[in-house]
Amino acid sequence: NLLYQDKTYEVRLRMRNSVSRRGFTLIELLVVIAIIAVLVALLLPAVQQAREAARRAQCKNNLKQFGIAMQTYHDTANCFPKMVIGPAIEGAAGDGWRSYSAHAMLLPYVDQQPLSESVAALINANRRSQGDPPNDAETLLPEIRTGRISGFLCPSDSIGAVNGPTNYAVCMGSASGWVNDAARSNGICTRATRVGIRDITDGTSNTILMSEIITSGQGGAPGSAADLAVPRNGQTITSDPNLAWPNDASLTQAQVETWATACASLLTNGTQVGGPWYVGQPGRTAFNTLITPNFNRPNCSFHCPGCNYDGSGLFGARSKHTGGVTVLRADGSTTFLAENVSWTVYQSLGNRFDGGDIGTVLD
């Protein structure tokens, strides 16, 4: 009887050890893998959204720093910086196409004092910003061409092959570009005029001062955000906006969209957008409100073949944030502007003195 009990115990022990050593079956393994895959699929979008929210917050903070810099500059100069300003060699006003940008004027106020002093020395020595080697800034101060200033870059953008990139541009208003005279220069940062808070009769909280842009040179697929940021050479379009209309106030949404559609089928002009940050030109460091944020047709420049950005064009505010762009108002505050904003309202947001009723779109 004792022997029988021992045998029974030994059999049970072997069965228990056999069960404890049994591995997962193939079906059980596949079920576990499927559960893990479902969990990853559920968590990944949330992680991506959290990361994008952080990037968007950093981008907004960058624009806030520009806002502080703009207000400090205004306190010093009693006006905001022009879109372009520079050495006397570029003319009495220092506003030639190889002159310096508003960004260059803001360097002392964005914690870039040493670089500001270097740029100021070049301006005082009548050195152009680019295109005049070996005496231009790009040659004499190569770090401004190759270096990157973190506060000038949106972390959501994939910076392309752009020298001295920036994702933030000053607003020229709803006028078409470079050659506008004082009467047509309705934005805050233009070539023709110096604008102070007193000149923003629509109110500083109702007028855009800066916005995001996407840098070119990223090689995006046709129709992608990176591709649309690359300007087309609209010189072949007969209705050059600067020649056809004596006053940009007469432009209509239909006409602008006609140009944009025509430009979409044209070749690119190869000029950078979003850089160099030290060059004051439309597209490079300035935008207009003729096309709405994240517009579904490309930027377009109506300058002569092989020329630089010294003509009219459609230079849009763009970002890789879903649904719109972050903008800086003239009062120093920032807000997210939806890409489906009305074209008419958007023109008023860029125009500092049109008296348009924009409601609460920037609240």
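The model is predicted, so local features need pLDDT of at least 70, side-chain atom pairs count only at pLDDT 80 or more, and totals for chains, interfaces and linings use all residues. Residues are numbered from 1 along each chain as its sequence is written, and side-chain values use heavy atoms, with hydrogens and water left out.

## The cores

Start inside. A nonpolar core is a set of buried Ala, Val, Leu, Ile, Met, Phe, Trp, Tyr and Cys residues joined through side-chain atoms within 4.5 Å. Buried means under 20% relative accessible area, exposed means over 50%, and partly exposed lies in between (1.4 Å probe, protein chains only).

The largest nonpolar core has 44 residues. Met70, Tyr100, Leu107, Ile188, Leu209, Met210 and Trp277 touch the most other members. At least two residues of this core come from each of α2, β1, α3 (102–106), α4 (113–124), β3 (168–171) and β4 (208–212). Helix α2 gives the largest share, six residues. Another core lies apart from it and has 14 residues, including Ala169, Val273, Ala317 and Tyr346.

These element names follow DSSP runs, numbered from the N terminus: helices are H or I with at least four residues, and strands are E with at least two.

## A patch on the surface

Now look outside. Ile27, Val31, Ile35, Val38, Leu39, Leu42 and Leu43 form a nonpolar surface patch. Together they have about 710 Å² of accessible area. Such areas come from the Shrake-Rupley method with a 1.4 Å probe; for residues, only the protein chains shown count as cover. Patch residues have over 30% relative accessible area and no salt bridge; like charges are joined within 9 Å, and nonpolar side chains (Val, Leu, Ile, Met, Phe, Trp, Tyr) within 5 Å. A salt bridge is a side-chain nitrogen of Lys or Arg within 4 Å of a carboxyl oxygen of Asp or Glu.

Take leucine 42 from this patch. Leucine 42 sits in helix α2 (residues 26–77). Leucine 42 counts as exposed because its relative accessible area is 59%.

## Arginine 98 and serine 129

Two loop residues come next. Arginine 98 lies between β1 (84–85) and β2 (100–101), while serine 129 lies between α4 and α5 (137–140). Arginine 98 is buried because its relative accessible area is 16%. Serine 129 is buried too, because its relative accessibility is 0%.

Both make polar contacts (N or O atoms within 3.5 Å; within protein, one must be able to donate a hydrogen and the other to accept it, and residues adjacent in sequence count only if both atoms are side-chain atoms).

| Side chain | Backbone oxygen | Distance |
|---|---|---|
| Arginine 98 | Glycine 131 | 3.0 Å |
| Serine 129 | Arginine 98 | 2.7 Å |

Contact means heavy atoms within 4.5 Å. Beyond neighbours within four places in sequence, arginine 98 is in contact with Glu90, Arg128, Ser129, Gln130, Gly131 and Asp132. On the same terms, the contacts of serine 129 include Arg98, Tyr100, Asp136 and Tyr278.

Most residues other than glycine have a negative phi, and most peptide bonds are trans. Asparagine 78 has a positive phi of about 65 degrees. It lies in the loop between α2 and β1. Asparagine 78 is partly exposed, because its relative accessible area is 47%. Asparagine 294 has a positive phi of about 55 degrees, and its loop runs between β6 and β7 (300–301).

One joins proline 133 and proline 134, with omega about 5 degrees. Proline 134 is in the loop between α4 and α5. Another runs from glycine 275 to proline 276, with omega near -5 degrees. Proline 276 is in the loop between α9 (253–264) and β6 (286–287).
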